[in-house]
Amino acid sequence: MTDSNLQPETGVAVDAPLISPHIYHGYMDALLQGNRRACNLVVKELIDQGLSLKLLYEDLFKASLYHVGELWERNKISVAREHLATSVTEFLMTQIYPLLFTDQPSTAGTAVISCTANEFHQVGGKMAADIFEFNGWDTHFLGANTPMDHLIAHLDETKPDLLGLSLSIYFNLPELTRTIEAVRHHYPHLDIFTGGQGFLHGGRDVLNHFSSTRYIPHLDALETEIKVH
Ligand code: B12
């Protein structure tokens, strides 16, 4: 599969030869059962077959979590099962970290990736951080719900080359805007990448008020941006 198979808005692939419907549904069943061993086996086999980290994240982990979200929205699964599927996915991501980290020093730059206050969806930001790391960056992934003052203090301590902010919930847009305003006040030239489903129904126009601040829809676009950075 080439990257052109990706849907522009979501980055989910239209077809993925390595992840057949049979493999995907088997994985999905195991994920909803919380069967880490079975999920891990699927992941290992896909990696052995040559699936890239980016496509593993987009076509298996992200696609299945979006699917989980739909099932949850339609009351087909409980909140507990949604939590279980998310925690299994985060477990699987750490399992493949040996692929991510090599003995080579990270020389491309330093990126801080975070969610703003009240934003609890952290998996997308974590994926973005991993893509930076995979492309030779040193990354500080701060996770969910980082208070603005503490984010700024971390930027003061680490002086990164880039800040990534994740927004999944549209009603967190005002908080994200306040955060970008504060960052811009302290760091007028810091590159800011934003991403997440919070932008799928608007909100991107807010970013136009800030210099060097971009919306990145998915990991393929992120990798392209990183390469020209
Ligand atoms: C797991 C989950 C949760 C967990 C999150 C736990 C965790 N550890 O992250 C918990 C239980 C906390 C949660 C809570 C809520 N959730 Co929720 N959740 C989900 C679920 C099922 C999966 C999220 C996920 O990980 N997706 C996979 C990731 C990989 O996708 P992604 O974030 O889009 O990331 C990709 C891109 O967007 C991009 N990207 C993302 N961030 C960044 C950052 C940068 C810098 C870059 C470059 C790129 C980038 O790259 C990623 C790869 O392509 C989604 C369903 C869905 N469609 O995603 C609902 C979903 C996001 N949740 C939803 C809702 C409504 C809620 C709640 C309001 C529910 C409630 N009533 O309490 C709360 C809000 C809490 C809060 N204040 O944040 C809605 C959001 C609708 C909307 N957009 O407004 C969704 C879509 C479910 C649905 N179908 O309705 N949720």
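Helix α6 (residues 123-134) lies across β1 (109-115), β2, β3 and β4, with a direction at about 170 degrees to β2. Helices (H or I, at least four residues) and strands (E, at least two) are DSSP runs, numbered from the N terminus. Axes are lines fitted to C-alpha atoms, for helices over the stretch in contact, and angles run from 0 to 180 degrees between N-to-C directions. This is a predicted model, in which local features need pLDDT of at least 70, side-chain atom pairs count only at pLDDT 80 or more, and totals for chains, interfaces and linings use all residues. Residues are numbered from 1 along each chain as its sequence is written.

**The sheet**

- An open sheet is formed by 5 strands in the order β2-β1-β3-β4-β5, and their pairing is parallel; two strands pair if DSSP finds at least two bridges between them.
- The edge strands, each pairing on one side only, are β2 (137-143) and β5 (213-215).
- On average, neighbouring strands of this sheet are turned by 20 degrees against each other, direction ignored.
- Strand β3 (residues 162-166) and strand β4 (residues 191-195) run parallel and are joined by 5 bridges.
- Opposite Leu-165 stands Thr-194 in β4.

**Helix α6 with helix α10**

- The axes of α6 and helix α10 (residues 219-228) cross at roughly 35 degrees and come within 10 Å.
- This crossing of α6 and α10 is right-handed; a crossing is left-handed if the near helix is turned anticlockwise from the far one by less than a right angle, and right-handed if clockwise.
- On the α6 side the contact is made by Met-127, Ala-128, Ile-131 and Phe-132, and on the α10 side by Leu-219, Leu-222, Glu-223 and Ile-226; residues are in contact if their C-beta atoms, placed from the backbone, lie within 7 Å.
- The residues of this contact divide into 7 nonpolar, no polar and 1 charged, where Ala, Val, Leu, Ile, Met, Phe, Trp, Tyr, Cys and Pro count as nonpolar, Asp, Glu, Lys and Arg as charged, and the others, Gly among them, as polar.

**Helix α7 with helix α8**

- Helix α7 (residues 148-158) packs with helix α8 (residues 173-186) at an angle of about 30 degrees, their axes being 10 Å apart.
- The two helices α7 and α8 are therefore roughly parallel to each other (angles under 35 degrees count as roughly parallel, over 145 as roughly antiparallel, 65 to 115 as roughly perpendicular and the rest as oblique).
- The crossing in which α7 passes α8 is right-handed.
- Met-148, Leu-151, Ile-152 and Leu-155 of α7 make the contact with Arg-178, Thr-179, Ala-182, Val-183 and His-186 of α8.
- By class, this contact of α7 with α8 has 6 nonpolar, 2 polar and 1 charged residues.

**Helix α1 with helix α3**

- Helix α1 (residues 21-33) and helix α3 (residues 53-73) have axes that come within 11 Å and cross at roughly 60 degrees.
- That angle makes α1 oblique to α3.
- The crossing of α1 and α3 is right-handed.
- The contact is made by Tyr-27, Met-28 and Leu-31 of α1 together with Leu-60, Ser-64 and His-67 of α3.
- By class, the contact of α1 with α3 has 4 nonpolar, 2 polar and no charged residues.

**Domains**

- The domain assignment of the protein chain gives domain 1 (3-100) and domain 2 (109-228); such bounds come from an automatic or database domain assignment.
- The centres of domain 1 and domain 2, taken over C-alpha atoms, are separated by 23 Å.

Notes: Contact = placed C-beta atoms within 7 Å.
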